[in-house]
Amino acid sequence: MADNKSKGTSTTTVTATTTGVASKISAAAHPLADKPIEIAENINYHAQFTPHFSPLNFQPEQAFYATAESVRDRLIQQWNETYVHFHKIDPKQTYYLSMEYLQGRALTNAIGNLHIQDAYTDALRSLGHELEEVVQQEKDAALGNGGLGRLASCFLDSMATLNLPAWGYGLRYKYGLFKQRFNKEGQEEIAEDWLEKFSPWEIVRHDVVFPVKFFGHVQVTPDGTRKWVAGEEMQALAYDVPIPGYKTKNTISLRLWEARARAEDFNLFQFNDGQYESAAQLHSAAQQICAVLYPGDATEAGKLLRLKQQFFLCSASLQDIIARFKERNTGKELRKWVDFPSKVAVQLNDTHPTLAIPELMRLLMDDEGLSWDEAWDVTSRTVAYTNHTVLPEALEKWSQTVMWKLLPRHMEIIEEIDKRFVAMVRSKMPDLESKLQSMCVMDNNPGKPVVRMANLCVVSAHTVNGVAQLHSDILKAELFADYVKIWPTKFQNKTNGITPRRWLQFCSPELSSIITKRLKTDKWTTDLDLLKGLRQYADNAEFQQEWALAKMANKKRLAQYVHKVTGVTIDPNSLFDIQIKRIHEYKRQLLNILYTIYRYKKLKEMKPEDRKMTTPRTVMIGGKAFATYTNAKRIVKLVNDVGAVVNNDSDVNDYLKVVFVPNYNVSVAEVLIPGSELSQHISTAGMEASGTSNMKFSLNGCLIMGTLDGANVEIREEIGDENFFLFGATADAVPRLRKDRENGLFKPDPRFEEAKKFIRSGAFGSYDYNPLLDSLEGDSGYGRGDYFLVGHDFPSYVDTQAKVDEVYKDRKKWLKMSILSTAGSGKFSSDRTIAQYAKEIWNIVECRVP
């Protein structure tokens, strides 16, 4: 079999020039090669015959692109087999709609999942390159921002690994969110450059193009049917990114849409008349749709662009799904629309793809001729909704004025959904009449009429799920409590998970190796509950030593990375304390840096001999602040300013370093998480839906300091209370504490006041931090009153940090806790989460490629 696979077209031997190394390897096409020499020949074949660079130039960057294309050969074969198999079997298939996917680098993941890592290591070595160096050339795909996008990517990995018939749909953003840099003023945002050359993974599908309409008006035909006449029409072109499962042939798609205008939309007359911008107006508008993730929406133009993005994703994806539903019809009779939900499951990842609901209704009624009742039956049995937040500002509400302008037909449909919902409640649940104002989809407040997207999802979807037990409980008890009375079985919990392949096996090979050695199997990578078997070794001195060495290897790797990107030297023997996530006041990076400032002040006040008794600590914070989120950007600035002082203070920098790790993304996380020993997940209780980085840290033997929020609650249950550093108010106490604050009953801890006063003294430079600190002052008012309870939780936080210092000095105890943290992480595999979605929401089953 291997011989047949390796047959290819051989050419004359070429010399590929590397860094001072002449590598004489034949260039021959072996798309399915397993042997290192044939893989090397296939890489060389791509370098020569699918060139993107000058001949004879084979530096690490060129080697990466040729290597990626060599791996892609195999992925395309598997992708084709999977597509044909799904077409033949015609299973019910899930389509996952998400505005974000935070994929990370694809090369390591692909060769790891295909189980050809060693062969590629040897192949590249024969070409004069090291795999590790080649991998570093890949830029992270800039398709997401934070946990929402990374979760979607973990889910795709698990869908493929579990051999499920499923696809993802997203947008092909050219410039992503932004690349983070720093100047004297703080964070600077510049465009991502991941597509400046090209992505070797994506496959453009020139035959998969759909029209997407905007603006215009609704036309009523003589027979009473309604048709949307567009004012603007663009083309959605499909780009497929193959997603390989782990040790399986199944390779599914992440289909990304790019917006384009047609050649005929370019006005040659205007162009030749010197009206260059007018001539290319539609082309320019099309380019804007997929330019940036989450464009600023302070202006009406910004709001229109965001809505355009959301609708573009929904419309193109649904047209594609319907086309596939029709294409897979192998019978003689036309497919019945009533069977659509038995072949299609659509999952909305948060409220961003909510417009899929009215768009599916429109396509079914206006294009396919279904009645309202028929279309509603199909839609409400097809669509399910995942809620990711209880934050009011994140529950999308769109201006009715803007929506009527952009999507007039959809607003008619949304109005009708709302009207029928209100009528149903009045007839069947009259007790809820008084609650209708908050439950209805259309908020017709004359001052600011909006469409409530979360309400539209709850009313229309067959299932609504939260993403951690605490979060789901809050949804049912508070946010969606009135809907639960109407549909008690509609609401579920699906605790998030992460893929153990990327987040342990591939990013921490040393730790993975000793886990496999002790468990005498590597099956834990697809059955994470097997990690429980490590518990019996938690006190084993030999195993603890192996564990400590593996963690130290990761810490040294992290120290090298930090020095490379910041110039700061950190000591791998210090406690590595890390908080990496999107910068937001509810995630409370401010609490972390205030404590670090307090710790610095106390160290300064100590005698030198007393400092030697402390636990040396390196505090690392990373994450992006949205360009328009002023207080978040002030927090980023404060961390950098504190680091500039602390790291240059010879009195203390043997005992404390403070680093802001720039441009946080998946590849950065893959270095930080394995090297971390303490990780902070310290959001105000009740405000973090789940969190997934907490799971990644815990899986890597990192101890968590956190509140009882999101998935922290379940992590603590799984790993044991004694292995979790808990502090802070509980979710049920938060409303009362806010009320107490409003009533002037809060008494701040002196240590909290000391930290704020130290900042105001100018110890960290001349920047005016008063507007940031003012958010912690006063009892009420906009931007005041410490809504996120930083002041309330500060004393508990300081005391718990002292416990961390003491435990870290007891190396055996710390290592035992670290091992038990990994051993208790089995529940948090995205394989488990996706298996639950498949069985309990989507009703899909395995469809393995033979």
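## Strands β23 and β24

Met705 stands opposite Phe725 in β24. Strand β23 (residues 703-706) runs parallel to β24, and two bridges join them. Strands here are DSSP E runs of at least two residues, and helices are H or I runs of at least four, numbered from the N terminus.

This is a predicted model: local features need pLDDT of at least 70, side-chain atom pairs count only at pLDDT 80 or more, and totals for chains, interfaces and linings use all residues. Residues are numbered from 1 along each chain as its sequence is written, and side-chain values use heavy atoms, with hydrogens and water left out.

## The sheet

Six strands form an open, parallel sheet. Their order is β21-β20-β19-β22-β23-β24. Strands pair if DSSP finds at least two bridges between them. β21 (656-661) and β24 (725-726) are the edges; each has a single partner strand, so one side of each lacks a neighbour in the sheet.

Helix α22 (residues 541-566) lies across β19 (575-580), β20 (617-622) and β21. Its angle to β21 is about 70 degrees. Axes are lines fitted to C-alpha atoms, for helices over the stretch in contact; angles run from 0 to 180 degrees between N-to-C directions.

## Helices α2 and α3

Helix α2 (residues 36-49) packs on helix α3 (residues 60-89) at about 115 degrees, with axes 8 Å apart. The two are therefore roughly perpendicular (65 to 115 degrees).

In α2, Ile39, Asn42, Ile43, His46 and Ala47 make the contact (heavy atoms within 4.5 Å). They meet Ala66, Thr67, Glu69, Ser70 and Asp73 in α3. The contact residues divide into four nonpolar, four polar and two charged. Ala, Val, Leu, Ile, Met, Phe, Trp, Tyr, Cys and Pro count as nonpolar, Asp, Glu, Lys and Arg as charged, and the others, Gly among them, as polar.

Definitions and conventions. Angles under 35 degrees count as roughly parallel, over 145 as roughly antiparallel, 65 to 115 as roughly perpendicular and the rest as oblique.
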